[in-house]
Amino acid sequence: MTVKENIIHRIINSKNKPKLNFSLKHKTEAFTDNLFHTLFDATTCVEQNINQLEIDFKEIYKLACTNPKFTCTDIWQQFLKTLPEILENLNLDAQEFVKSDPASTNIEEVYLAYPGFYAIAIFRFSHELLLLNTPLIPRLMSEYAHTKTGTDIHPGATIGNSFFIDHATGTVIGETCIIKNNVKIYQGVTLGALHVSKELINTKRHPTVENNVTIYANATILGGKTVIGENSTIGGNVWITKSIPKNSMVYHKPEIILKPKKNEA
């Protein structure tokens, strides 16, 4: 065996542990885009796209899933039933963007141009598929949205109605996070775990955000026991690891020190 043949042999053996087919990633991304267009593009034939989505889903499901307990057809039918409700919830999200952002001129702009809305839409799709015990595909969908928007929302999170993410870039929402209704967050917000350990796999590690909370840019809120009470406002750049009572305002107070005057020549 030549040196080149030996190298090729070693690469092949390593690639088989595990067996990965990267077409799953690309096909899932195409499926995700088609799903978004089916619900929002007025020029799209819904019936035709639904039929194509079913074909595409069955193809990526074969690549991703090996669990014999769940059939692809059953999962697709259950997911299909959720699409009207998902669309209704996303329309509420879009209306919240128009209502909350003074830079928004119309709802069409939200659907077409707002990365925060796109990230929320893909989250709502991937979350439903995760609930249907579909492995890997929801994560690939959420990571696709992450690459397009800079927003990292784990499909395992629970998010209520009329959700708003302004600017979106740098926002992180962890797997066990619970966000209730009418919550607004801004860029750079982290809703994360207080510490990371594999032993916490079945533990609530991320915070709960109650109704009508606003969280401003670059705030960091950590811990599964941390609850942000309803009607609270969290200012920019704050660091929170303990619960906040309802109707609270939390903010970082900067220290201002005047520079000494330079001696005049």
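Visitor: What makes the residues around Phe 57 count as being in contact with Phe 57?

Guide: In this predicted model, contact requires heavy atoms within 4.5 Å. Leaving aside neighbours within four places in sequence, Phe 57 is in contact with Phe 31, Cys 72, Ile 75, Trp 76, Leu 129, Thr 134 and Ile 137.

Visitor: Which residues touch the most other members of the largest nonpolar core?

Guide: The largest nonpolar core has 66 residues, and among these Phe 57, Phe 117 and Ile 215 touch the most other members. At least two residues of this core come from each of helix H2 (23-40), helix H3 (46-64), helix H4 (72-100), helix H5 (107-113), helix H6 (115-131), helix H7 (137-149) and strand S3 (164-165).

Visitor: Why is Ile 137 called buried?

Guide: The term buried applies under 20% relative accessible area. Ile 137 has a relative accessible area of 0%, and therefore Ile 137 is buried. Ile 137 lies in helix H7 and, not counting residues up to four places away in sequence, touches Thr 28, Phe 57, Ile 60, Tyr 61, Ala 64 and Leu 129.

Visitor: What makes Ser 142 buried rather than exposed?

Guide: The relative accessible area of Ser 142 is 4%, which falls under the 20% cut-off, so Ser 142 is buried. Ser 142 has its place in helix H7. Leaving aside neighbours within four places in sequence, Ser 142 is in contact with Ile 122, Ser 126, Ile 153 and Pro 155. The C-alpha atoms of Ser 142 and Phe 123 are separated by 6.2 Å, although these residues are 19 residues apart along the chain.

Visitor: Which residues line the largest cavity?

Guide: The lining of the largest cavity consists of Ala 119, Ile 122, Phe 123, Ser 126, Ser 142, Ala 145, Thr 151 and Ile 153. The elements giving two or more residues to this lining are H6 and H7, and the largest share, four residues, comes from H6. By class, the lining has five nonpolar, three polar and no charged residues.

Visitor: What makes the space there a cavity, and how many cavities of 30 Å³ or more does the structure hold?

Guide: A cavity is a set of points where a 1.4 Å probe fits but cannot get out. The structure holds one cavity of 30 Å³ or more, and about 40 Å³ of space lies in the largest cavity.

Visitor: How much space lies in the largest pocket, and which residues line the largest pocket?

Guide: About 240 Å³ of space lies in the largest pocket. The residues that line this pocket are Lys 19, Leu 20, Asn 21, Phe 22, Leu 24, Lys 25, Leu 63, Ala 64, Leu 136 and Leu 140. H2 and H3 each supply at least two residues of the lining, which by class has seven nonpolar, one polar and two charged residues.

Visitor: How many disulfides are counted?

Guide: A disulfide is a covalent bond between the sulfur atoms of two cysteines. The rule asks for a pair of cysteine sulfur atoms within 2.5 Å, and by this rule the count comes to zero disulfides.

Visitor: Why are Cys 45 and Cys 177 placed in the accessibility classes that they have?

Guide: Cys 45 has 40% relative accessibility, a value between the 20% and 50% cut-offs, and therefore counts as partly exposed. Cys 177, at 1% relative accessibility, is under 20% and so counts as buried.

Visitor: What is the phi of Asn 212, and where does Asn 212 lie?

Guide: Asn 212 has a positive phi of about 60 degrees although Asn 212 is not a glycine. Asn 212 lies in the loop between strand S8 (208-209) and S9. With a relative accessible area of 36%, between 20% and 50%, Asn 212 is therefore partly exposed.

Visitor: Why is Asn 247 called exposed?

Guide: Exposed means over 50%, and Asn 247, at 53% relative accessibility, therefore counts as exposed. The place of Asn 247 is in the loop between strand S13 (239-240) and strand S14 (249-250), and the phi of Asn 247 is near 65 degrees, a positive value in a residue other than glycine.

Note on methods: Residues are numbered from 1 along each chain as its sequence is written. This is a predicted model: local features need pLDDT of at least 70, side-chain atom pairs count only at pLDDT 80 or more; totals for chains, interfaces and linings use all residues. Side-chain values use heavy atoms; hydrogens and water are left out. A nonpolar core is a set of buried Ala, Val, Leu, Ile, Met, Phe, Trp, Tyr and Cys residues joined through side-chain atoms within 4.5 Å. Buried means under 20% relative accessible area, exposed over 50%, partly exposed in between (1.4 Å probe, protein chains only). On a 1 Å grid over the protein atoms alone, a cavity is a set of points where a 1.4 Å probe fits but cannot get out, and a pocket is an open set with protein on both sides within 12 Å along at least five of seven lines; lining residues have an atom within 4 Å of a point. Grid points are joined across faces, edges and corners, and a volume is the space filled by probe spheres set on the points. Ala, Val, Leu, Ile, Met, Phe, Trp, Tyr, Cys and Pro count as nonpolar, Asp, Glu, Lys and Arg as charged, and the others, Gly among them, as polar.
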